[in-house]
Amino acid sequence: MTSHLDIPDASMAVDDASMAADDERAHEDAAWQDDVRAGVRHVRDLASLPLSPAERAAAQAAATRHKVRIPKAYLDLIDWSDPADPIRAQVIPSPEELAEQEGEFDDPIADHAFSPVPRLTHRHADRVLLFPTYQCAVYCRFCFRKESLTSIGRGYTREALEPAFAYIEAHPEIREVILTGGDPLSLPDKALAEIRARIEAIPHVRLLRIHTRVPVALPSRITAGLVQALQGRLMVTVVTHFNHAREITPAAEAACRTLRQGGFVLLNQSVLLKGVNDTVEVLEELCRELMYRLGVKPYYLHHGDLARGMAHRRTTIHQGQALASALRARLSGICNPVYVLDLPDGGGKVPLGPCHVEARDGETWRIRGQDGEVRAYTEVVGHP
Ligand code: SF4
């Protein structure tokens with residue numbers, strides 16, 4: 001016979017479980033907060049990095065133009081013995097950033113020109129960009145929104161977003177809301193849950209997309225609490241931003257696994273950056289590791305935008321097209337990103353990758369195969 005002492009008290013079990021979950025969350029939150037605290041948070045923290053006096057002075061000068069922030073997890077990936085290290089190139093300010101060129105813009109893809117209310121850009125009918133914060137977990141030197149991050153710079157408040165929510169409510173053609181910034185995943189769980197709940201209360205919205213560099217630069221921030229904050233009615237797609245296979249660490253792998261297990265679709269967009277990932281070998285490894293190791297589909301490879309002070313990191317379009325062709329020949333479709341240019345006047349993203357159509361004569365097309373041979377292809381379609 002079972003004594004009553006052997007029967008667990010159900011309410012006690014629930015309390016114990018929730019206390020254990022709270023402890024686990026507090027532990028997870030402490031881990032990423034430590035990672036932020038131990039990294040570079042201010043210009044003065046650059047003094048603690050193993051830079052030469054000349055490099056340090058140059059970095060400090062450039063950091064006055066565009067903010068600096070680097071979590072410890074990302075700092076630890078830098079090979080300080082290599083001045084051209086591709087991780088270093090993405091986050092340590094360099095004096096070239098001060099050399100702005102004619103033809104560069106504060107707002108390279110015209111976010112502001114298509115902004116009917118603060119913190120929202122509506123460029124394409126069925127989707128909007130929503131900017132819950134203008135702050136990031138890491139500040140990338142090549143960022144095309146760096147002028148907004150500096151000049152607006154503000155974080156999240158519910159009130160600041162209300163006009164944007166009201167705009168989405170009033171536009172039934174909007175099906176996708178893209179949280180971008182700034183980095184939305186730099187916000188606290190409570191703010192994310194609030195934003196998600198407010199958006200999912202708008203019946204015509206079907207998809208929530210989140211553009212983030214947190215799984216790359218601060219993977220410890222991807223916690224059970226964060227995942228739970230984003231779970232609800234909406235399909236959620238997390239678009240990560242890995243630029244180099246060296247960013248794919250066990251911690252990033254765990255972060256992506258947590259997001260996948262949370263039921264989110266994972267895609268990646270990379271920026272083509274001179275001295276970081278502008279060789280076919282580097283891009284091939286990146287794309288394969290994204291898909292095979294992280295389960296993240298390579299989505300876009302962006303041509304470098306015309307952000308100020310970034311000429312030293314931009315390739316030519318011709319170089320980008322050669323890389324896209326080589327990737328197409330080496331990688332399966334699921335590993336292949338689309339090489340795109342975001343047009344400066346707000347014309348949207350256009351593919352720049354290889355076009356295999358050489359000519360057309362009536363219903364016969366001349367198309368170059370992946371082996372380089374041009375073949376005739378005659379269409380056969382039914383006529384009414
Ligand atoms: S995380 Fe994104 S928005 Fe923030 S600085 Fe980097 S590229 Fe720009």
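Predicted model: local features only at pLDDT ≥ 70, side-chain atom pairs only at ≥ 80, totals over all residues.

Guide: Residues are numbered from 1 along each chain as its sequence is written, and side-chain values use heavy atoms, with hydrogens and water left out.

Visitor: Why is C140 called buried?

Guide: Buried means under 20% relative accessible area, exposed over 50%, and partly exposed in between, with a 1.4 Å probe and protein chains only. C140 has a relative accessible area of 9%, and is therefore buried.

Visitor: What makes C355 exposed?

Guide: Its relative accessible area is 58%, so C355 counts as exposed, the limit being over 50%.

Visitor: How do you know that the buried residues of α2 lie on the same side?

Guide: In helix α2 (residues 53-63), A58, A59, A62 and A63 are buried. They cover an arc of only 130° around the axis, and therefore sit on the same side of α2; the arc is that of the directions from the helix axis to the C-beta atoms. The face turned away from the buried side carries the exposed residues P53 and A54.

Visitor: Which residues does UniProt list for "binding site"?

Guide: The unreviewed UniProt entry lists C136, C140 and C143; such annotations may be inferred rather than shown by experiment, and feature names are shortened, with positions in the numbering used here. The lining of the largest pocket includes C136, C140 and C143. A pocket is an open set of points on a 1 Å grid over the protein atoms alone, with protein on both sides within 12 Å along at least five of seven lines, and lining residues have an atom within 4 Å of a point.

Visitor: What does C143 touch?

Guide: Leaving aside neighbours within four places in sequence, C143 is in contact (heavy atoms within 4.5 Å) with H66, L149 and A307. C143 is placed in the loop between β2 and α5, and its relative accessible area of 17% is under 20%, so C143 is buried.

Visitor: How many disulfides does the structure hold?

Guide: The structure holds zero disulfides, a disulfide being a pair of cysteine sulfur atoms within 2.5 Å.

Technical notes
Helix = DSSP H or I, 4+ residues; strand = E, 2+ residues; numbered from the N terminus. 1 Å grid on protein atoms, 1.4 Å probe; cavity = no way out; pocket = protein on both sides within 12 Å on 5 of 7 lines; lining within 4 Å.
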